[in-house]
Amino acid sequence: MIFSPISSRTFVLPSEGIIAESYLSNHREDSLSPGLPSISTGKPFDGDEVPPGLTLTAQFLYHLANKMDLKLDIFSLGDTSRAIGKLMMDMSSLYDVGRNKSSAGLLIVDRTIDLLTPCLHGESFLDRMLSSLPRKERTSSCYAAKNPQTPSEHSQATVKRSPLDIKVPFESAFGKEETKSRTSMLSESMMAFVSGWNSAEVDSEVTWLPDYSDEAHDGKVGTLSGSFLSNYAGVRYLEALLDTGAKDGLVLIKKLLMEALQLEKLSSPSKGRQTASISELRSMVQMLCQHELSLVRNRGIIQLALAAEMALQEPQSTRWEAFTSAERILSVTSAETTQSLASEIRDFINTSTSVESHKQGNTMGSTQGLLTFQDILLLTIVGYILAGENFPTSIAGGPFSWEDERSLKDVVVDSILERPSSVKFRFLDGLEKELEAKGRSKDGDRNKDSSEPTSTTTDDFDDQWDNWDDDDDADHQKEEAYGDMQLKLEVRDRVDQLFKFFHSLSSMRLHNQALGEGLAALSRFETDSYSRKGLLYKLILAVLTRFDIPGLEYHSSAVGRLFKSGLGRFGLGQSKPNFGDQSFLIVFVVGGINTLEVREVMKAISESGRPDVELILGGTTLLTPDDMFELMLGSSSFT
């Protein structure tokens, strides 16, 4: 029953908790990752094949409803969600139904129905911050600790959720000349506070309190920890950020800083301006840090401003802008032809290869911040999903023609062999030694070419004529050429498997006809043709307007089935309820949510004309595009 509130209307499960890191799917043909639900095919789970994450999620939702004293009408969308809803119905009893509880609706949704939204770098300032800032190091997995002997089929893949605790260098709020003295003073004040708190040991030395001064001076750790949730005055920082777009984030933080300055009775350096800059935020932060009491009281908004500054610095800013630009190009091109979409993906791959080559040859790092090969693979995933949505009838061996896909495979193979020592992906497991050797060989050849003179003298030719022992060198070159060809063939096989995975992403709608029809019907709720809306936005609009969605399943309890079968004979049976009939709704996404979806869901409620509806959005974890890559192609994938 432990969960992490992001706002008063949003929660996720603890990143390293047993529920969040339990398997949501077993290693089967229709599975993408142990941390994501399997692709919906319409087939029910066998009793012995139910992954542990489904049982734990069902127990969590069931006990959450009991704690909130709710009687749930349960709906599901997707195979995994249907299995969780069935488990919850099996837990229900006559005692639960007979009690006087408030009615509510619960909608459980599979994350795999909409993989595109969390893969995109959307219009959310909080998403940009979470994607750019470093996270706290992981501790040992709770699931691994309590389950040391995992099934053999799960021995190679694990679910590793990124911690939601982000690192903000708090000491950067001070000037360099006063950092060490200020942090030392804070450390002494904290020590005095602890001694006063533990009055029986006033004269004893406090040994457990860390000395922050040296570490903060070295830039290793922040001085104070805090929460983005709210401040001492009750201002909800994180909730305000969730409702803010990427372009309005700085303006919001500037407004919150001005309010903090007013509470501290300090004058604001920029009044009346509707724009914000990093320099303005920095000057306000330094004013709040002038006094120790003000610093401690406002540490939440200070850390928020410093986090925004870090997210907008290089190379994070350039990388984010490059991503959004590339995703916009793919979205526009996907509405044209498959040939043009494949051409754009191929150009992105070639560009990343040339950038990496330039980085290896340029020690100045002038291309820092541009997209890497890993980033391009994430864009390739986006391209294939878009192709599946826009060209559903062209999928047989993939959304693209044989010639286009062959050229895509060729450039991927060439890109891997161009930078063999820097590509570390799960689909290349077992080839690490060969790729590292190839990388050392390429580095040696590059250094040899740079050190050799450009001109050749007559004496050099005479020496070559005298050397008649070149057969060994020729044999060595033949062995190298054979080894390179063998490595290329093995890499090609792995890339073929990778593209089969891409095919499964593009053909998800074809595996379940009812679900595919439901997703096609939801397209009518795409209000703006220029900006894509996620599944949850369209789903909430549809259910609140009582639109019938194919594939959406209602779970009736044991008592409900009894009334339907018994009293239905006398014409007293009740009709199937509608999820939108309830005024209190809970939506839980199995596999995780992202911050943009939180904003879109609240926008859908405001646009539905139902101000009476109260909605809570929950998910397994909070996802960023990098988290999605780790789930599908990284350490937490089956690929």
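This is a predicted model: local features need pLDDT of at least 70, side-chain atom pairs count only at pLDDT 80 or more; totals for chains, interfaces and linings use all residues.
User: Hi! Contact means heavy atoms within 4.5 Å, so which elements cover the buried residues of α25?
Analyst: The cover includes β2 (10-12), α4 (116-119), α5 (125-132), α9 (237-242), α23 (535-544) and β7 (614-619). Helices (H or I, at least four residues) and strands (E, at least two) are DSSP runs, numbered from the N terminus. Residues count from 1 along each chain as its sequence is written, and side-chain values use heavy atoms, without hydrogens or water.

User: Which residues of α25 are buried?
Analyst: They are T595, L596, E597, V598, E600, V601, M602, A604 and I605. Buried is under 20% relative accessible area, exposed over 50%, partly exposed in between (1.4 Å probe, protein chains only).

User: What span should α25 have?
Analyst: At 1.5 Å times one less than the number of residues, its 13 residues (595-607) should span 18 Å, and the end C-alpha atoms are 19 Å apart, which agrees. Just after α25, G609 has a positive phi of about 75 degrees.

User: Switching topic, where is confidence lowest, and where is it highest?
Analyst: Helix α8 (residues 212-217) is lowest, with a mean of 44, while strand β6 (residues 584-590) is highest, at 95. For the protein, the mean pLDDT is 77. Over residues 197-223 pLDDT stays under 50, though the model has 37 contacts there beyond four places in sequence.

User: How many helices and strands does the protein have?
Analyst: There are 26 helices and seven strands, and buried residues make up 49% of the 639 residues.

Note on methods:
pLDDT is the predictor's confidence in each residue, from 0 to 100. Contact means heavy atoms within 4.5 Å.
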